[in-house]
Amino acid sequence: MNRSISLRWIAASVFIASSTLNYLDRALLGVLVPLIMVDLHFDQTGYGWLLSAFSIVYAVSSLFAGWFLDRVGVSRGMTVAVAWWSVAASARGLIRSFTGLAITSAGLAVGESAGVPAVGKTNGFYLNPEERALGAAVNQIGISLGLALAPVWIGLATAHSWRTPFVITGLLGFLWIPLWTMIHRAIPPQFPDRPAPAARGTGLKAFSLLRDSRLVTLVIANALWMPSYSLWSNWTTLYMIHVDRISLNQAAHYVWVPPLIANLGGFFGGWLSLRWMRRNCDAITARRRAVTLSAAGMLMTLLLPMTKSPAWSTLIISISFFFALAGSVNIYALPIDLYGPERSGLSIAALGFAYGLMQMLLSPIVGMLSDHRLYTQIVWIVSIPPLLSAVLLNRGVRSSTSEGRQ
């Protein structure tokens, strides 16, 4: 039995390695953007619009990616997605204009939109219900590692060209595909990875789950929860360069820290909900409690404008990122609790849609405020919405064993 548990976690963890590649490809832009801005001649507002273009494509693609994963199965669907985003990631190193960067970033968004729902589905097939928030936390290892590895490429980029890291890291995705194929065949899931009945429909019928009021509540709650996650995933390097007045090479000593601390937050959030469930609390109530506690912790972000050094900025950003992940792993586990692993692709993808839409709207605002050095306003914008998210989840997602398996 213990061997079976170990094998299940090994399989889930190997799949989660795709998240490392996903977020490494994505985070490179935020880390190397000071060099790219000089070469392609755009400012922080332009960078905000670039993120906005990525985000709207990501948002729309998420729904179709989730449907696709539910229809063909997570293993085949993710193989296609990883191949797609690997090509797009490498292509970003070959462009010669801001327009080309926007187009290749949009192509990257199409493939990467499958990443989060695919991991959620895999957790649903391999892990027991009480393990799934921890499974989401393990996925944060992959995400955080990808974000933390991005600054490693600063040295290569400054010594040679910012283009080289994009090409190399993009090609790494093609190494993951045969690895996962081998593991998936050797360790079959405990719940069969088969297409969901609802996913066999065509047209709008396949997306009927999106009308469920509980999912609508989750979508809105996720959009309110994720602004700080978006901020620290994309803007940490620029923030420290402009606010703490350090160089890109100096920033490399700090910007890898918040993603790793955030990873601990993911485990903290998973541990919280697991602890309450083991005390006979139902899964939905346990996850709501963890989100509420995390929302209170995120208020620490309001201390950021008071910091006077890069080290103190790194500390507060890390705390903010910590609690953002602690709540996020529980929000992303809720669709599996509500709808089961068979339909979790589309339901988790709907949360990705919310994240993309939020980032599309937020990024140009952050860029404009950054160009005008209005950083305190940015901090308030990302600190208060999580409280509203927690209130919404507590009112709109009810605990009921009959709700979860329709």
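**Rings, cores and one exposed valine**

Author: Arginine 289 lies over the face of tryptophan 276, 5.8 Å from the ring centre. A charge sits over a ring if NZ of Lys or CZ of Arg is within 6 Å of the ring centre and within 35 degrees of the ring normal. This is a predicted model: local features need pLDDT of at least 70, side-chain atom pairs count only at pLDDT 80 or more, and totals for chains, interfaces and linings use all residues. Residues are numbered from 1 along each chain as its sequence is written, and side-chain values use heavy atoms, with hydrogens and water left out.

Reader: Which residue lies over the face of tyrosine 23?

Author: Here, too, look above the ring. At 4.2 Å from the ring centre of tyrosine 23 lies arginine 26.

Reader: How many aromatic pairs are there?

Author: Rings of Phe, Tyr and Trp (its six-membered ring) pair if their centres lie within 6.5 Å; planes under 30 degrees apart count as stacked, over 60 as edge-to-face and the rest as tilted. By this rule the count of aromatic pairs is 13.

Reader: What is the angle between the planes of tryptophan 162 and phenylalanine 166?

Author: Their centres are 5.8 Å apart. The pair is edge-to-face, and the angle between the planes is 85°.

Reader: Is phenylalanine 166 buried or exposed?

Author: Buried means under 20% relative accessible area, exposed over 50%, partly exposed in between (1.4 Å probe, protein chains only). Phenylalanine 166 has a relative accessible area of 1%, so it is buried.

Reader: Which helices hold tyrosine 239 and tyrosine 375?

Author: These two tyrosines form an edge-to-face pair, 5.7 Å centre to centre. Helices are DSSP runs (H or I, at least four residues), numbered from the N terminus. The pair ties together parts 136 residues apart in sequence, because tyrosine 239 lies in helix α12 and tyrosine 375 in helix α18.

Reader: Of the residues in the largest nonpolar core, which touch the most other members?

Author: A nonpolar core is a set of buried Ala, Val, Leu, Ile, Met, Phe, Trp, Tyr and Cys residues joined through side-chain atoms within 4.5 Å. This core has 116 residues. Its largest share, 17 residues, comes from helix α1. The residues touching the most other members are Ile36, Tyr47 and Met78.

Reader: Is valine 87 buried or exposed?

Author: Valine 87 is in helix α3 (residues 74-91). Its relative accessibility is 51%, so valine 87 counts as exposed.

Terms used
Helices (H or I, at least four residues) and strands (E, at least two) are DSSP runs, numbered from the N terminus.
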